[in-house]
Amino acid sequence: MLHADGAQFVRDTTQRYDVLLVDGYDYDGMPERLASQAFYDDCHQALSADGLMAVNLHIEHPDYALLVARIERSFEANVLRVHVKREGNVIVFASKAPFSERQRSGVLSQPQTLGKEAWSELKPTFAQIVALLHEA
């Protein structure tokens with residue numbers, strides 16, 4: 001396990017990652033180090049060619065539109081916003097590759113390792129992601 005400053009980590013890493021999960025949001029919003037244009041540019045750089053970043057934001061925060069605009073700028077608008085029904089959370093997915101190139105056909109089904117209760121809670125969000133991918 002690595003315990004480090006996330007902004008410094010993505011700025012300094014020479015490795016390329018398939019997925020980055022950014023969830024630094026608290027009651028005061030996103031810390032500036034995880035909300036700057038430079039941070040999202042560094043995240044883009046730290047990802048592999050088909051890498052994906054997921055960021056947890058809150059739609060009612062005054063900087064929500066600014067943060068989404070920064071992510072869109074870093075990722076050349078390859079961005080999907082998924083509104084989670086509870087508490088105003090929005091998961092912003094940003095991809096180095098266009099989402100149209102990432103689509104795979106298939107049926108949305110419960111992962112074997114996920115319990116029925118968890119699946120019933122997550123299924124509407126996964127369905128929303130699938131629908132957004134088809135629109136991309």
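1. Exposure first. Buried means under 20% relative accessible area, exposed means over 50%, and partly exposed is in between (1.4 Å probe, protein chains only). By that rule E76 is exposed, with a relative accessible area of 64%.

2. Ground rules. This is a predicted model, in which local features need pLDDT of at least 70 and side-chain atom pairs count only at pLDDT 80 or more, while totals for chains, interfaces and linings use all residues. Residues are numbered from 1 along each chain as its sequence is written, and side-chain values use heavy atoms, with hydrogens and water left out.

3. The α3–β3 loop. E76 lies in the loop between α3 and β3. Helices (H or I, at least four residues) and strands (E, at least two) are DSSP runs, numbered from the N terminus. Phi of E76 is near 50°, a positive value in a residue other than glycine. A77 is in the loop between α3 and β3 as well. It has a positive phi of about 65°, although it is not a glycine. A77 is exposed, with a relative accessible area of 52%.

4. Largest nonpolar core. A nonpolar core is a set of buried Ala, Val, Leu, Ile, Met, Phe, Trp, Tyr and Cys residues joined through side-chain atoms within 4.5 Å. The largest one has 25 residues. Which of them touch the most other members? They are M30, M53, V55, L57 and I71. Two or more residues come from each of α1 (6-12), β1 (17-22), α2 (37-46), β2 (47-58), α3 (64-74) and β4 (89-95). As background, nonpolar side chains in soluble globular proteins tend to be buried together.

5. L57 in detail. Contact means heavy atoms within 4.5 Å. Neighbours within four places in sequence are left aside here. L57 is then in contact with Y25, M30, Y64, L67, V68, I71, G88, N89, V90 and V92. Two of these, M30 and I71, are named above among the core members that touch the most others. Apart from this core lies another, of seven residues, including A54, L80, V82 and F93.

6. Helix α2. Its buried residues are Q37, F39, Y40, C43, H44 and A46. What do the buried residues of α2 pack against? They pack against α1, β1, β2 and α3.

7. S48. This residue is in strand β2. S48 is buried, with a relative accessible area of 13%. With neighbours within four places in sequence left aside, S48 is in contact with R16, Y17, D18 and K96.

8. Salt bridges. A salt bridge is a side-chain nitrogen of Lys or Arg within 4 Å of a carboxyl oxygen of Asp or Glu. The structure holds three. In one of them, the side chains of R33 and D5 meet at 2.8 Å, N to O. R33 lies in the loop between β1 and α2 and D5 in the segment before α1, so this pair ties together parts that are 28 residues apart in sequence. R33 is partly exposed at 45% relative accessible area. D5 is partly exposed too, at 31%.

9. R70 and E32. Their side chains meet in a salt bridge at 4.0 Å, N to O. This pair links distant parts of the chain: R70 sits in helix α3 and E32 in the loop between β1 and α2, 38 residues apart. Are the two residues buried or exposed? R70 is buried, with a relative accessible area of 19%. E32 is exposed, at 51%.

10. D12 and R11. In this salt bridge the closest N and O atoms are 3.2 Å apart. D12 is partly exposed at 47% relative accessibility. R11 is partly exposed at 45%.

11. Second largest pocket. On a 1 Å grid over the protein atoms alone, a pocket is an open set of points where a 1.4 Å probe fits, with protein on both sides within 12 Å along at least five of seven lines; lining residues have an atom within 4 Å of a point. Grid points are joined across faces, edges and corners, and a volume is the space filled by probe spheres set on the points. The second largest pocket has a volume of about 340 Å³. Of its 14 lining residues, V84, K85, E121, L122 and T125 are the closest to its centre.

12. Its lining. β3 (79-83), β4 and α5 (116-135) each supply at least two residues. α5 gives the most, with seven. By class, the lining has eight nonpolar, three polar and three charged residues. Ala, Val, Leu, Ile, Met, Phe, Trp, Tyr, Cys and Pro count as nonpolar, Asp, Glu, Lys and Arg as charged, and the others, Gly among them, as polar.
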